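This briefing concerns the fold of a predicted model. The sequence and structure are shown first, and the points that follow are grouped by topic.

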Amino acid sequence: MKKLMKIFVALICSLGLVSVAYSAQPEENKPQKKKQAPTAQHAPQPTTGHVTGAGAGPKKTSMGAYEGKKGQTSMGASQGQKGKKGQTPMEASQGQKGKKGQTPMEASQVQTGKAAKGGKVTGPGKAGEAATATTTGKTAAAGTAKAGKPLKAQKFNLPKQPNTAKAPPVKFQPNKHIEGSQNWQGQQYTVFRNYKSEWHDQNWWHSHHSNIVFVFGAPYYWNAGYWFPAWGYNPNAYYAWDGPIYGYNHLPPDQVIANAQAALQQQGYYQGEVDGLLGPLTRDAIANYQRDHGLYTTSTIDQPTLRSLGMA
């Protein structure tokens, strides 16, 4: 009986020793599922794209984050971009390679630095330059007239026969007055206010006016600085305009008209042919120019218009 008790006590002691030995075994050797070490709440997760140069594997920190290249912050290391040494997190996150010392905004621009440096105007700007050049040209022309530097008169080689399809003949209207001339104030417009068409034969015209010229076969007489149609001198004469035409530099009416057409072409108002005819297209161009420059719309060649054009 005593022998059995000894055996039983020995078994109990052996079980106790085994239990104590098992309890003292390290945690990592226990037959349990291994758990990963807890990571910091804000530590970035490792990615497969963070492989560094040859033979240099990523270094694991105590926070479980993977560090990228030397000098990057934790935010910079988590980016897929390759930032230069010393870049801020925002710079490192940009897809562009900014120069050293650039601000984050500069680094984020897509080749805007060069455009800003050049300061060159692109295609639309040229359009804008063309508009400015046109305005400048008009101002320069007005300035030339005010400065008393008239354009040099030219002598054009004009056709001998008028193009009646382009400038149809006007019909004689007895005692016709210039429409709207009663509203044109100033001494320079007196000749328009006083004009009325008259029909006389050759003897009458020669007895009253010594200076008569022929343009396209039609006679014009000179009076008070203007050329006028001499209605009746030649009953079949062709006139494109019934009214005064300002004369300067001793030029006949067709050459005065041609010089005005050329000046209006340079200013962009007249797109027709320089033919010396005061037809509808030329009268419209003159009227548009006069309206744009604050002149009375006479639709013909007068002294204030030629002066504004820099011709007289």
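**Sheet, enclosed helix and nonpolar core**

Four strands form an open sheet in the order β1-β2-β3-β4, with antiparallel pairing. Its edge strands, β1 and β4, each pair on one side only. Helices (H or I, at least four residues) and strands (E, at least two) are DSSP runs numbered from the N terminus, and two strands pair if DSSP finds at least two bridges between them.

Residues are numbered from 1 along each chain as its sequence is written, and side-chain values use heavy atoms, with hydrogens and water left out. The model is predicted: local features need pLDDT of at least 70 and side-chain atom pairs count only at pLDDT 80 or more, whereas totals for chains, interfaces and linings use all residues.

**Strand pairing and turns**

- Strand β1 (residues 212-215) and strand β2 (residues 218-223) are antiparallel and pair over four bridges.
- Across this pair, Ile-212 stands opposite Tyr-221 of β2, and Phe-214 stands opposite Pro-219 of β2.
- Two residues lie between β1 and β2 in their hairpin, and Phe-216 in the turn has a positive phi of about 55°.
- Strand β3 (residues 226-229) pairs with β2 in the antiparallel sense, also over four bridges.
- β3 and β4 run antiparallel and are joined by two bridges; Tyr-226 has Tyr-246 in β4 as its bridge partner.

**Helix α9**

- Helix α9 (residues 253-266) has 14 residues, which at 1.5 Å a residue should span 20 Å, and its end C-alpha atoms are 20 Å apart, in agreement. The expected span is 1.5 Å times one less than the number of residues.
- Because 12 of its 14 residues are buried, α9 is largely enclosed by the rest of the structure. Buried means under 20% relative accessible area, with a 1.4 Å probe and protein chains only.
- The buried residues of α9 include Pro-253, Asp-254, Gln-255, Val-256, Ile-257 and Leu-264.
- Their cover includes β1, β2, β3, β4 (245-246), α10 (280-292) and α11 (303-309).
- Just after α9, Gly-268 takes a positive phi of about 85°.

**Nonpolar core**

- The largest nonpolar core has 45 residues, and those with the most contacts inside it are Ile-245, Leu-264, Ile-301 and Leu-306. Such a core is a set of buried Ala, Val, Leu, Ile, Met, Phe, Trp, Tyr and Cys residues joined through side-chain atoms within 4.5 Å.
- Two or more residues come from each of α7 (190-194), β1, β2, β3, β4, α9, α10 and α11, and α9 gives the most, with five residues.
- Beyond its neighbours within four places in sequence, Ile-301 is in contact (heavy atoms within 4.5 Å) with residues including Tyr-226, Ile-245, Tyr-246, Val-256, Ile-257, Ala-260 and Leu-306.

**Confidence**

- The chain has a mean pLDDT (the predictor's confidence in each residue, from 0 to 100) of 72, and 55% of its residues reach 70 or more.
- Over residues 31-86 the pLDDT stays under 50, and the model has 41 contacts beyond four places in sequence for this stretch.
- Residues 88-148 have pLDDT below 50, with 40 contacts in the model beyond near neighbours in sequence.

Definitions and conventions. Buried means under 20% relative accessible area, exposed over 50%, partly exposed in between (1.4 Å probe, protein chains only).
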